[in-house]
Amino acid sequence: MGIKVSDAVVIGGGPVGGMAAAELAKNGWDVVLLEEHPRIGHPNHCSGLMASVGIKRLGFPIPADAVRVPKIARAKFYSPKGVTFTVDRRQEAMKVYDRARLDQAVVEWAEYHGARVLTQHKAFKAYRRHREVYIEGKYSKNGIKTSFSFKTRLVISAEGSKVKIAPQLGLPRLNYHHEYPGLQYEIEQVKDVETDTVELFFGEKWAPGFFGWSIPTSEESLLVGIAKKPEYPLSTKYLLDRFIKKHPALKKRLKGSKIYLQRGGLVPGHGPIKKTYMDNIMVAGDSAGQTKATTGGGFNIGGYCGKLAGQVGAFGLKINDVSEKFLSLYEKQWKSLFGRELIMMAIARRMLRELPDHVIDRAFEAAKSAGVEIEMQKANDVDLHGSALIKMAFKPDLLWWGVTSLNHLTKNVLKNINFFLYATKYLF
Ligand SMILES: Cc1cc2nc3c(=O)[nH]c(=O)nc-3n(C[C@H](O)[C@H](O)[C@H](O)COP(=O)(O)OP(=O)(O)OC[C@H]3O[C@@H](n4cnc5c(N)ncnc54)[C@H](O)[C@@H]3O)c2cc1C
C-alpha cells in the first residue's frame, strides 16, 4: 500500500465536507474529499427543509431541480392536547429541497474548484507523526476492499453524527444521549396538503423528548416523521406508525394515502462540542454539534462552519502554520457568528426534552398570550432563533409559566448541570 500525499484531506462528502473542500480547492490547495458511500447524497436521511437566507449565505450555485417546494411561509405548532399556534411569515422563509441533489451540488462545487472526490473511500484510522497526519482506510469496489493511506498537513473532519476519526486525533466525542433517533415516511395521495405550511407536533405519546413533523413535498404528498429521545423504550417505527394512524390533526388527511419511501437517522440535538480544533485538524458540522438543537437542522449553519474551516485551513497552509494555536482562529470565527445562538438552542432542547405534556400544554398557552406568534414573524433569519427564544422566555406570561413549572425546570438544569456550566462561557 503506497502512501499518497495531499495538502489537505476532508473526511465526509456531506454538505459540510463539500463546503470545506471547495474553500481549500478555491485557494489552490490539493485537497482530497473522502466519502464512504458510492453516491454523494445517498443514503439521504434529511427532510430537506432549509431557511432561504441561510442557504444563500453558503454561496454555492443551487440547481433549480434541487427545489421541491419553493415557498414555505408558515409553521403550525400543535401542543400535546392540541393547542395550536401559527407563525405566518407571509414572505418566503424556507424551501423544501431535494437534499441528495443539494449535497451533490455542493460536492460538484468543490470538484469544480479542483477538489478530488473519492467515493467508496472509508477512513478508519488517523494518527499524527512529525507534524503530519496519516489517514488510513479502505476503498471498496464490487465487494473487493483495497487499503489506502494519505499523508497530509491538514484534516477537516465532516463525518456527520457518527464521527470516528476526529476523536482519534484528540477531539471530543459527541454524547449520543443528545442525538435523537428519527424516522420519516414520504407519503403520497394525501388530502388537503397546504403546500406552504410545515407542522410540528409535540407530546410524549407521539415524539417523546423531541417532536413530530409534517412537511409538504408536493400538492399531494408529505414527509411525516418523528424523533425521540434515545433512551425511550418504544421504537421510532412503532411511534411513527402510531403517529400517522392516530394523531387527530393528521389521521383524516392521511386516510387512503400511500407510504412510498422511508428514511431515518440521528437528528442532531447536541449543541456545540467543547473543542473543534487541534494541531492539524478542525471538525465541523454534525460532528462538531454545529446544528440547531431545537429543530435538528444542520445544513446551513454546519455548511457555513465547513466553509470557515476551509478558509482558515487554506490560510494556515499558506503561512505553513496548521498548529492548534493558529487553527483556534476557526473556533473564534464560528463562535462569533453562531456560538451564542447554538448554545441557546441547545439550552432550549435540554429544557424541553424532559417536560411532561401538561407543562408543554401550559407553555403553548402562555406563549400564545405572550404574543410569541407575532414576535416570531419578525425574525429575519429563521436559522438564528436561539436568542429570540430565550428573550421571549422573559415575557411576563412565560415567566409565570416558568415560575409555576420551576420544579420540572430545576430538575432539568440539575440533570444537565455540567452542560449548563459550560454554556455560561458562551453567554458572558
Ligand atoms: C431525519 C432527519 C431529518 C433532518 N432534517 C433536516 C432538515 O430538514 N434541515 C436541515 O437543515 N437539517 C436536517 N437534518 C440534519 C442534517 O441532515 C445534518 O445536520 C447535515 O446532514 C449535517 O451535514 P454534515 O456534512 O455534517 O454530515 P452528513 O450529512 O451526515 O455527512 C457526513 C458524510 O460523511 C461520510 N462519512 C462519515 N464517516 C466517514 C468516514 N470515516 N470515511 C468516509 N466518509 C465518511 C458519511 O457517509 C456522510 O456522507 C435532518 C437529520 C435527520 C436525521
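Okay, housekeeping. Because the model is predicted, local features need pLDDT of at least 70 and side-chain atom pairs count only at pLDDT 80 or more, while totals for chains, interfaces and linings use all residues. Residues are numbered from 1 along each chain as its sequence is written, and side-chain values use heavy atoms, with hydrogens and water left out.

Let's start with the domains. The assignment, whose bounds come from an automatic or database source, gives domain 1 (3–46 + 101–175 + 270–342), domain 2 (177–268) and domain 3 (351–427). Taken over C-alpha atoms, the centres of domain 2 and domain 3 are 24 Å apart. Their contact (heavy atoms within 4.5 Å) takes eleven residues from domain 2 and six residues from domain 3.

So where's the ligand? It lies between domain 1 and domain 2, because both give residues to the shell around it. There are 35 residues around the ligand, where a residue is in if one of its heavy atoms lies within 4 Å. Glu35, Leu49, Arg99, Ala123 and Asp286 come nearest. By class, you get 13 nonpolar, 16 polar and six charged residues; here Ala, Val, Leu, Ile, Met, Phe, Trp, Tyr, Cys and Pro are nonpolar, Asp, Glu, Lys and Arg are charged, and the others, Gly among them, are polar.

Now the polar pairs, meaning N or O atoms within 3.5 Å. A ligand oxygen is 3.0 Å from a side-chain N or O atom of Glu36, and for the side chain of His37 the figure is also 3.0 Å. At Val16, a polar backbone atom is 3.2 Å from a ligand oxygen. Taken alone the ligand exposes 1000 Å², and the protein buries 89% of that, by Shrake-Rupley with a 1.4 Å probe.

Which elements give two or more residues to that shell? They are α1 (15–26), β3 (49–51), β9 (121–129) and β16 (258–268), as DSSP runs numbered from the N terminus, with helices (H or I) of at least four residues and strands (E) of at least two. β16 gives the most, with four residues.

Last stop, Phe211. Its place is in the loop between β13 (197–201) and β14 (212–218). Beyond neighbours within four places in sequence, its contacts include Leu200, Ile226, Thr294 and Arg349.

Notes: A polar contact is a pair of N or O atoms within 3.5 Å; within protein, one must be able to donate a hydrogen and the other to accept it, and residues adjacent in sequence count only if both atoms are side-chain atoms.
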